[in-house]
Amino acid sequence: MEISGAPPGHNGRVALVTGAARGIGLGIAAWLICEGWQVVLSDVDRPRGAKVAKALGDNAWFITMDVADEAQVSAGVSQVLGQFGRLDALVCNAAIANPHNQTLESLSLAQWNRVLAVNLSGAMLLAKHCAPYLRAHNGAIVNLASTRARQSEPDTEAYAASKGGLVALTHALAISLGPEIRVNAVSPGWIDARDPSQRRAEPLTEADHAQHPSGKVGAVEDVAALVAWLLSRQAAFVTGQEFVVDGGMTRKMIYA
Ligand SMILES: NC(=O)c1ccc[n+]([C@@H]2O[C@H](COP(=O)([O-])OP(=O)(O)OC[C@H]3O[C@@H](n4cnc5c(N)ncnc54)[C@H](O)[C@@H]3O)[C@@H](O)[C@H]2O)c1
């Protein structure tokens, strides 16, 4: 839907996507731009974030922001408002995305705290600082959780706890911020979010794909399409929910 007064090819809405220098965040940013959004990409990796934003064209803008640092979150949100004067969507995607930590006996409190700070507290800080602006435009938030919120491999305590917390934070925010702001979580399974050069160098195997009921490992576009729909007005009756996008893996019964 075009909003009157918006520049040509632009739907007039502004989205902030965290952790967008690569992987799923970059895929979400690119998808939203194709749908006509103005997208602010943010990341701690400034060189890479600035490069990909430039490649995405005039409707992409990059800011540096560590989501675990409240001063940086507050300053980043102010930058977005200063530049565009509005904010319609927030995608909390930034994370320490490697799920594996040290064994429990070797896991330091500092490592645990850092994963929780980035993956969970970051989303709370972003929601807190964006809420007044999202409220003004009946905006929406999508948090990137994980199927690891509900199932585990060994030595993934910090990541699993952070994502379980994020699913709970999602419904808490939906109740606190509704009816003006909708809040949902997307929980991906295995998504091949690597750069094309890495994907070519180490291609996935037939077995990687075949184990999925969908017949394939996920791509960033599989996640981006769902996030974009949740941010759209077509999802006006959907809030507080978790959506699993995992090719059916968590519905498959596995006994050796
Ligand atoms: N790829 C998967 O299979 C998969 C599966 C389930 C969930 N997820 C979730 O999806 C999201 C994206 O995953 P990905 O595979 O694209 O990860 P990725 O590691 O490729 O990208 C994460 C990005 O977040 C940034 N980042 C890290 N710490 C940050 C911080 N403190 N502040 C701001 N930015 C920071 C990184 O610089 C990086 O650009 C994450 O929330 C991840 O947990 C991914």
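## Pockets, ligand and cavity

The lining of the second largest pocket splits into 9 nonpolar, 4 polar and 7 charged residues. The model is predicted. This pocket holds about 320 Å³ of space. Its lining has 20 residues, and Gly23, Arg194, Arg199, Val220 and Glu221 are the closest to its centre. Helix 1 gives the most, with 5 residues.

Next comes the largest pocket. Its volume is about 1,200 Å³. A total of 42 residues line the largest pocket, and Ala97, Pro99, Ser146, Tyr159 and Gly189 lie nearest its centre. At least two lining residues come from each of helix 1, strand 2 (38-43), helix 4 and helix 5. Helix 1 again gives the most to the lining, here with 3 residues. By class, the lining of the largest pocket has 19 nonpolar, 14 polar and 9 charged residues.

What takes up the space of the largest pocket? The ligand does. Around the ligand stand 26 residues, and Ile24, Asp43, Asp66, Asn93 and Tyr159 come nearest.

| Residue | Protein atom | Ligand atom | Distance |
|---|---|---|---|
| Isoleucine 24 | backbone N or O | oxygen | 2.8 Å |
| Aspartate 66 | side-chain N or O | nitrogen | 2.8 Å |
| Asparagine 93 | polar backbone atom | oxygen | 2.8 Å |

Taken alone, the ligand exposes 830 Å². The protein buries 86% of that area.

How many cavities of 30 Å³ or more does a search of the whole structure find? The search finds 1. About 80 Å³ of space lies in the largest cavity. This cavity is lined by 14 residues, with Cys92, Ala94, Val118, Asn119 and Ala123 nearest its centre.

Which elements each supply at least two residues of that lining? They are helix 4 (109-136) and helix 5 (157-177). Helix 4 provides the largest share, 5 residues. The cavity lining has 9 nonpolar, 4 polar and 1 charged residues.

## Two backbone features

Most residues other than glycine have a negative phi, and most peptide bonds are trans. Two places in this model depart from that pattern.

Glycine 178 and proline 179 are joined by a cis peptide bond, with omega about 0 degrees. Proline 179 is found in the loop between helix 5 and strand 6 (182-188).

The other is a phi angle. Asparagine 138 is not a glycine, yet its phi is positive, at about 50 degrees. Where does asparagine 138 lie? It sits in the loop between helix 4 and strand 5 (140-144).

Terms used:
Residues numbered from 1 in each chain as written. Predicted model: local features only at pLDDT ≥ 70, side-chain atom pairs only at ≥ 80, totals over all residues. Heavy atoms only, no water. 1 Å grid on protein atoms, 1.4 Å probe; cavity = no way out; pocket = protein on both sides within 12 Å on 5 of 7 lines; lining within 4 Å. Points joined across faces, edges and corners; volume = space filled by probe spheres on them. Helix = DSSP H or I, 4+ residues; strand = E, 2+ residues; numbered from the N terminus. Nonpolar A, V, L, I, M, F, W, Y, C, P; charged D, E, K, R; others polar. Near = heavy atom within 4 Å. Polar contact = N/O pair within 3.5 Å; in protein donor to acceptor, adjacent residues only side chain to side chain. Areas by Shrake-Rupley, 256 points an atom, 1.4 Å probe, with all protein chains shown as cover. Sits in = over half its atoms within 2 Å of the grid points.
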